[in-house]
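Me: I've got a model open here and want to talk through a few of its local features. Can you walk me through them?

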Amino acid sequence: MRTSRAHQPLTYDVRLPDEAQADALRLLDASRAIINAALTLLWPSLDEFGTDRTGPAWKQVGKYMGSPQYHGDRQWRCESEVVGRVLRAQAERKKAFELVLPILSEGFMRPKTENRPAGKNPPAIKEAITTLQKSLEEDETSFVALQNVVEQCCNFFFQHDRFPSSYEELQPIPLLKVGLLTYAGDDGGAKGQAYRLTLDLDAGVAGFRFRYPDEAGVWHWRKVETIIPLPDCVKERLSHGELMAPTLREEHSTDGQRFAVLDFIIEVEKEALPAWENVERVLGVDWGVHSLLTATAVDEHNEQVGRPFFLDTGGFDGRQARTRRQIDELKKKVARYEQERDALPEEHSKRAWYAKMLALYRREIDRCWRKYEQRNRALAHLASNVLLLLCQVHGCSLLSMESLKTLKSTGRGKGVRGRWRNYRNNSTIRGEIWRLLRYKCHLLGLRFHTELPRGTSHTCPRCGEPAKTYRSPSDRSEAVKWGRWMYCEHCQYHGDRDYCASVNIARLGVAYLIQMKQMGKARSCSIADPRVKPVSYTGTGAVLLLPPTGNHPARNIRGKICYYPGWLGSAFLQSSHKKQVFLRLCG
Ligand SMILES: [Zn+2]
C-alpha cells in the first residue's frame, strides 16, 4: 500500500452474501489457527519486530518460519502478513511499556474508600505521562498509547498487587479471538492465487472468489464467483479512488451469530490543504465541561463570526450509564452462578443448567457492550460531521481544536461512580471524534491544528485578562474552578464558560495563523501571549454561508432544538440562531 502523504486509505465493510458465508467462516477458522500458532512461536522474538521493520510484514515473518500448516504460498503470505502486523504493533507497545516502567507508581491508584471501590487516579497518571512526554517530543497519539499501557499496568496491579516487571508478564500472547485474513497486495485481480476480486462499477457489484477448506478440510477454489452488491458510498469512493487488497473478517451479530465481512479498502487522494494566505477564518473547538463540544468561529481580524454552537449529550450519558449498570448486574450474576456451579460435585445434574444460563448471560453482556460501542461511534460521527459543517458554513479553513490531553469530567451522573463512568466514556468518545476529524479534514482539505488548553477557561476572550468562573451568572459570591459562568473583573464581560473557552481556542488558532502568514512558520502560543489578541463580537459578519438544502430524513424541530432521527432525547444541537437558519444548518 502506498503511504504517500497525498493518499489516504478508507475502509468499508460489506457483509458477504449468505451462499459464501459457511466457506468464508471455515477459511477464517483455518487461518486463525495458523496465525495463532505462528504468534505463539514468534512471541519470544517480539523485540526483532520493533527494530527491523523494513519491507512488508509477511516477509519479516518469513525470515523466521514457514507455515505451521501449509495451504499454499499465497495463503501463508496472507496469514503471515497478519502475524507480522500484530507483532509489529505489540513491539511498539512494548517500547511504550519500557518508557512508562520507571514512572509506574502506587500513586496511580486510589485506595478503596467507604463509597467507592479502589480505582485509578487519572490526574496523577496524566501528570506523570505529560512530564514523561516532555522529555520525548512525541506527538499527541503517543500520549494515548502511553496512557493505554499505564492503564493496563494498573489493571495488572489490581489483580496481582504489584506492577509487572516485563512486558511479556503484562501482555499475554495476543492470539486472535476472531478470524482475520489480510489479503496480499500483489495477489487478487484476475490471476490471484488466494482470491480474485473484480469490479463492475456500472452494475454496482464486485465479484469475489476465494480459496477455502471444505467440510473435509480439503482446500479448493470456489466454483462460483460471489456477487457482492456495493453500497452507494463504496461506489462513490471507487469512482475516484483505487481499490486495494481487501481483508476478510469475522463479526458477530447482536444475537451472537457469526458472519464474514469483506473490508473494501479504497485509497483516495487527499484534498490539497489551502495555502495559509488563503485561510481567513478559524473554528475554535473546546471539549466542554457541560456540553460535549462547543465551537465558535473567529476571523483573522479577531472578530467573532456568527454565533457559538453547543453539542450537548445529556440523555446520551444517561443511556450509556444505564447500559454500563446493566453490564455490571449481568457480570455479578455470572460470577455468582460460576461460584454456585463450582461448589457442585463434578457429576451433578444441575451443572448443565448452569452452563446454559452462563452462556445466555455472557451473550447478553456481549450484546450490551456492542450496543454501547455502537452508540459511541454514532455520536462521534455526528459530532465530527457537525463540526465540519460548521467550518463550511462559516468559511473556516482552519479547525483549531483543544488538545486531547485534557480529560475533563462532565460533572454529570449520579454519585461518584456515575461521574467516573461518564468521564471514562467521554475520553473514549473524544479520542474517536479527534481521530475522525483528523482524517475527514484531510479528505475535505481543511487545516487541523491542536492547541493546549491551559488557561483557556479562565481568560476573558474580550480583553485577554485572567478571569474567574462561578456556579451561575447570579451566584458570584465564591469562585469555583469548574464553575459554569465566567466573569471578567477587568472589563465586566461575562459569559458561558465553555463558550469563552472555545473563543480562546479560536484566538490561539488565529495567533498561529497570523504567524504562518507573516513568517511562514509558527509555534503555538500560550493564552497569555501578547500575540493572542482579544476578540470582539458585534453581530456583524454573522451571515452564514449556508449549504443548499438537500434531501434528508425528517427532523423534528421543537422550539430552538433540532432532533435528528434516532437521536431523540440523546444528543442535541443548540444555538441562538433563528429557527429558519438553524433548520438549514442541520441540513
Ligand atoms: Zn475582560
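Me: Before we start, what kind of model is this, and what pLDDT do local features need?

Reply: Residues are numbered from 1 along each chain as its sequence is written, and side-chain values use heavy atoms, with hydrogens and water left out. This is a predicted model in which totals for chains, interfaces and linings use all residues, side-chain atom pairs count only at pLDDT 80 or more, and local features need pLDDT of at least 70.

Me: Which protein residues are the donors of the zinc ion, and what is the geometry of the site?

Reply: Donors are N, O and S atoms within 2.8 Å of the metal (3.2 Å for Na, K and Ca); water is not among the atoms, so sites may look incomplete. Here the SG atoms of Cys460, Cys463, Cys488 and Cys491 lie 2.2 to 2.3 Å from the zinc ion. Four donors count as tetrahedral if all angles lie between 85 and 135 degrees. The angles among these four donor atoms are 107 to 115°, and the site is tetrahedral.

Me: How many residues apart in sequence are the parts that cysteine 463 and cysteine 488 tie together?

Reply: The donor residues follow the spacing C-x2-C-x24-C-x2-C. Helices (H or I, at least four residues) and strands (E, at least two) are DSSP runs, numbered from the N terminus. Cysteine 463 sits in the loop between β16 (447-451) and β17 (468-470), and cysteine 488 in the loop between β18 (485-487) and β19 (494-496), so the pair ties together parts whose separation in sequence is 25 residues.

Me: Of that pair, which cysteine counts as buried?

Reply: Buried means under 20% relative accessible area, exposed over 50%, partly exposed in between (1.4 Å probe, protein chains only). Cysteine 463 has 21% and is partly exposed. At 0%, the buried one is cysteine 488.

Me: In which loop is glutamine 492, and what is its phi?

Reply: Most residues other than glycine have a negative phi. Glutamine 492 lies in the loop between β18 and β19, and it is partly exposed at 47% relative accessible area. Its phi is positive, near 65°.

Note on methods
Tetrahedral: all angles 85-135°; square planar, octahedral: opposite > 155°, others 65-115°.
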